[in-house]
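Visitor: I would like a close look at one part of this model, with the rest of the chain as background. Please keep it brisk.

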Amino acid sequence: MGDFIRAVERTRRVSTLFLFCAILSYTSAMTHYSVPEEMEEGSVVANLAADLGLDVKTLTERKVRIEIIASRKYLDLNKETGELYIAERIDRESLCPTKTSCYLKMEVIIENPKRIFYIELEVLDINDNAPHFRRDTIDLDISEATLAGERFSVSNAVDLDVGSNSVKTYQLSQSNYFAIEIQTGRDGSKFADLILIEALDREQQAVHNLILTAVDGGTPTRSGTASIIVHVLDTNDNAPMFDNSIYSVKIMENSPIGSLVIDLNATDLDEGSNSDLTYSYSLYTPEKTQETFNLNPSTGEITVKGMLNYEDFRIYDMEVIAADKGVNTLSGQCTIKIQIEDMNDNHPEISIKSFQSPVSENIDVDTVIAVVSVSDKDSGDNGVVDLHIPHNMPFKLKESSDNYYKLVVSEPLDREKVPEYDITFTVTDRGSPPLSDNETMTLHLLDVNDNVPHFPQSFYTIRVMENNAPGALLSSLSAFDPDLHENQYLVYFILEKEIANTSMSMLFSINPENGNLYGLKTFDYEMEKDFLFHIEARDSGSPPLSSNVSVHIIIVDQNDNAPVIVSPWRAHGSVVEEKIPRSTDKGSLVAKVIAVDVDSVHNSRITYQFLQVTDATLFSLDQYNGEIRTMRMFSYKDSRHQRLVVAAKDNGEPALSATVTIKLSTVETAVKTYSDMTEVPLEYDIFSDLNLYLVIGLGSVSFLLLITILVTIVLKCQKAKPSMAAPPSRNSVISERNSTIADSTLVSNDAYWYSLFLAETRKGKLVVRQPLPKGSRYIVSSIPRSTGMSETSGSATSTLQYPK
């Protein structure tokens with residue numbers, strides 16, 4: 001078995017060697033294909049299997065592959081169809097950049113058995129590239145003196161394509177001066193020469209723009225362009241020329257040195273050094289002119305070199321030459337006439353001959369306060385002058401004679417509106433341009449007492465809290481006077497007015513220098529509610545002027561009076577005892593507490609409340625009318641004696657109060673009670689307990705009111721005498737400043753003394769304001785009238801016991 005296998009192996013080796021020799025002899029032939037460049041990927045070139053005689057079904061099994069020699073794999077074999085197709089787009093210009101013919105060599109290698117086929121693929125050129133110039137812009141410099149027929153070389157165009165697809169011809173854009181002639185090189189390339197067909201003139205056209213187009217021979221044709229810019233070089237063929245051949249200039253005399261007279265402008269159509277100009281005087285220009293005026297050789301400016309005077313020399317003539325800097329110099333010239341004009345070179349002058357200042361503000365209209373003269377050294381219109389002052393002033397100018405003016409008052413003056421005037425006199429000549437001068441004088445006005453003092457308000461309302469400290473500042477009533485000095489110094493007075501024989505100056509004082517108003521006494525709202533008087537402000541002028549203002553003093557109430565319980569009446573410090581039957585119905589009136597307060601309405605508004613009550617469930621108290629009523633009927637468990645402490649409190653801040661203690665005793669006997677819901681029989685007892693309380697209360701209030709009215713009438717009927725002002729206290733009454741201290745009666749005991757007594761200070765009387773507790777003792781201090789005494793000096797005291 002092994003021998004058989006070895007024999008088969010030897011036979012196979014011989015067959016393989018024979019087959020390899022046959023393949024070598026067969027592959028000596030070359031297969032040739034031609035394809036155009038830029039074919040799409042996947043395009044079929046040929047059926048390689050059919051051309052090589054290969055079975056398509058065995059291509060995969062025999063491992064057929066294509067190898068491209070020294071290049072990328074542009075082609076590949078489809079092993080299912082045996083077709084040779086384009087695997088990558090072929091660019092002939094990239095593959096063969098310097099060759100006119102382009103070939104791609106490949107090997108088709110087959111395994112099992114080994115065979116190699118050689119394939120040559122010719123890549124044909126297509127017209128896929130347009131001609132282009134190495135430079136997009138071609139610059140040529142040609143002198144305008146160049147003769148027609150001159151040739152100029154320009155760069156040729158190149159085309160990456162070959163053969164008929166390369167550059168075929170050139171074309172030139174339309175031009176009257178240039179044409180082209182196409183030339184063929186030894187390698188067959190095409191180029192063009194630029195030919196001048198007509199002479200150039202730089203002054204007419206300095207630059208020529210041409211377009212050179214290269215066209216290939218492909219189908220369709222492609223082209224490329226280049227821009228040819230021809231710069232025409234200048235030659236000195238134009239002479240300089242002035243704008244005008246003759247110039248006439250006017251210049252004012254006394255023009256400063258360096259002033260511009262004229263800026264000459266000559267032009268040369270040439271360029272470069274052929275147009276650079278130099279200016280100079282001609283030989284015909286007088287030396288006087290050359291000494292008076294300067295000519296700038298570079299710019300042609302003529303300026304003033306020496307002083308000009310219209311009276312000395314009025315006209316200057318000159319000739320100026322402009323020459324260029326070309327090799328062959330060319331020149332032009334012009335004539336200039338300079339006329340000197342007279343100018344307004346002298347300012348007008350103003351002189352104040354007399355001026356009156358200050359003047360009284362009530363000076364009469366048309367009064368002369370100044371005399372002014374004017375002059376001008378010029379002649380003609382330059383020497384005619386006008387004088388004026390500002391229009392918004394109460395003055396005017398009147399011409400008295402040639403160049404003399406009077407300043408007079410045209411309107412009434414008021415120092416309070418304008419205390420002084422800055423009067424500016426302005427003189428102007430009629431030259432062109434006009435010249436002027438000015439001078440300012442200050443006019444001061446003297447004050448006249450022509451304004452009355454003025455209060456900011458026509459009526460003052462001043463609120464003063466009662467119990468004020470005597471001597472305290474109430475308000476400042478300053479007036480204003482717009483006058484000056486003594487006409488402005490004000491003195492303030494209180495216009496005398498008596499109220500109940502009491503002068504206002506005893507109650508109030510005003511500082512005569514600043515108008516500060518002071519109260520000289522302690523005011524009591526319950527005694528005095530308000531005061532109305534007048535204050536006068538008088539200046540110190542001659543004659544003096546004055547004005548007055550109304551002052552309304554309103555005394556503002558303080559809560560300085562505690563309520564006084566007038567019902568049920570009881571001696572001071574005692575307890576009110578009442579008896580009621582135990583069978584009293586619910587809601588029956590047990591007692592009624594009545595309190596009065598002499599303060600104002602707000603501070604005298606009284607409310608009632610229980611401070612103590614034996615049984616809070618048995619009695620109720622109306623907080624507004626003070627009625628005490630039963631909340632239920634008495635029971636056997638209720639105490640026979642009930643103690644009620646009622647407080648009457650006013651509405652002041654802080655609130656003041658008074659208390660009353662009521663002891664209620666219940667009895668078994670029938671006692672007549674009254675209720676709001678019970679009808680009173682016609683035969684009722686008018687002196688029952690309730691009515692008795694009401695009568696006592698009303699009588700007390702009437703008594704207090706009568707006492708107050710009587711005391712007020714007595715005080716007003718008494719005439720007050722001036723006295724020195726003294727500091728306020730509870731034990732003294734202060735009268736007018738600089739007057740004597742009046743007789744005073746002072747009462748002191750405990751905190752409620754004021755509610756018990758009314759002391760009349762003039763007659764030394766003590767008036768009882770309400771019933772006094774029996775056995776009470778009071779100390780009475782009396783201070784006799786004495787100028788300059790203190791409150792306590794010379795006082796005497798005595799003890800009063802009520803009743804004695």
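In the protein chain, where is confidence lowest and where is it highest? Then take me to the salt bridges.

Guide: This is a predicted model, so confidence comes first. Strand 52 (residues 744-748) has the lowest confidence in the protein chain, at a mean of 35. Strand 23 (residues 301-304) has the highest, at 95. The chain averages a pLDDT of 79. Of its residues, 81% score at least 70. Residues 1-28 stay under 50, and the model gives them 11 contacts beyond four places in sequence. Residues 670-688 are also below 50 in pLDDT. That stretch has 16 contacts in the model beyond near neighbours in sequence. Where pLDDT is low, the predicted coordinates should not be read in detail.

Now the background. The protein chain has 804 residues, and 39% of them count as buried. Its secondary structure comes to 7 helices and 56 strands. Take the contacts in the chain with a separation of 6 or more: residues 24 or more positions apart account for 65% of them. The chain exposes about 44,800 Å². Carbon and sulfur atoms supply 52% of that area.

On to the salt bridges. Side chains of opposite charge can pair when their charged atoms come close. A search of the whole structure finds 23 salt bridges. Start with Arg-202 and Asp-234, whose side chains meet at 2.9 Å, N to O. Arg-202 lies in the loop between strand 14 (190-196) and strand 15 (207-216). Asp-234 lies in the loop between strand 16 (223-233) and strand 17 (241-242). The pair therefore ties together parts that are 32 residues apart in sequence. Arg-202 counts as buried because its relative accessibility is 9%, under the 20% cut-off. Asp-234 is buried too, with a relative accessible area of 16%.

Next, Arg-415 and Asp-447. Their side chains form a salt bridge at 3.0 Å, N to O. Arg-415 sits in the loop between strand 31 (404-409) and strand 32 (420-429). Asp-447 sits in the loop between strand 33 (436-446) and strand 34 (459-465). This pair links distant parts of the chain, 32 residues apart. Both Arg-415 and Asp-447 are buried.

Glu-536 is buried, with a relative accessible area of 12%. Arg-538 counts as partly exposed, at 34% relative accessibility. Elsewhere, salt bridges that share partners join Arg-65, Glu-67, Glu-111 and Lys-114 into one network.

A disulfide is a covalent bond between the sulfur atoms of two cysteines. The count here comes to 1 disulfide. Cys-96 and Cys-102 form it, with their sulfur atoms 2.1 Å apart. The link of Cys-96 and Cys-102 is right-handed, with 65 degrees about the S-S bond. Cys-96 is buried, with a relative accessible area of 8%. Cys-102 counts as buried at 2% relative accessibility.

Finish at the surface. Leu-705, Ile-709 and Ile-713 make a nonpolar surface patch of about 280 Å². Leu-705 has its place in helix 6 (residues 689-717). Leu-705 counts as exposed because its relative accessibility is 53%, over the 50% cut-off.

Conventions:
Residues are numbered from 1 along each chain as its sequence is written. This is a predicted model: local features need pLDDT of at least 70, side-chain atom pairs count only at pLDDT 80 or more; totals for chains, interfaces and linings use all residues. Side-chain values use heavy atoms; hydrogens and water are left out. Patches are made of residues with over 30% relative accessible area and no salt bridge: like charges are joined within 9 Å, nonpolar side chains (Val, Leu, Ile, Met, Phe, Trp, Tyr) within 5 Å. Accessible areas come from the Shrake-Rupley method with a 1.4 Å probe; for residues, only the protein chains shown count as cover. A salt bridge is a side-chain nitrogen of Lys or Arg within 4 Å of a carboxyl oxygen of Asp or Glu. Helices (H or I, at least four residues) and strands (E, at least two) are DSSP runs, numbered from the N terminus. Buried means under 20% relative accessible area, exposed over 50%, partly exposed in between (1.4 Å probe, protein chains only). pLDDT is the predictor's confidence in each residue, from 0 to 100. Contact means heavy atoms within 4.5 Å. A disulfide is a pair of cysteine sulfur atoms within 2.5 Å.
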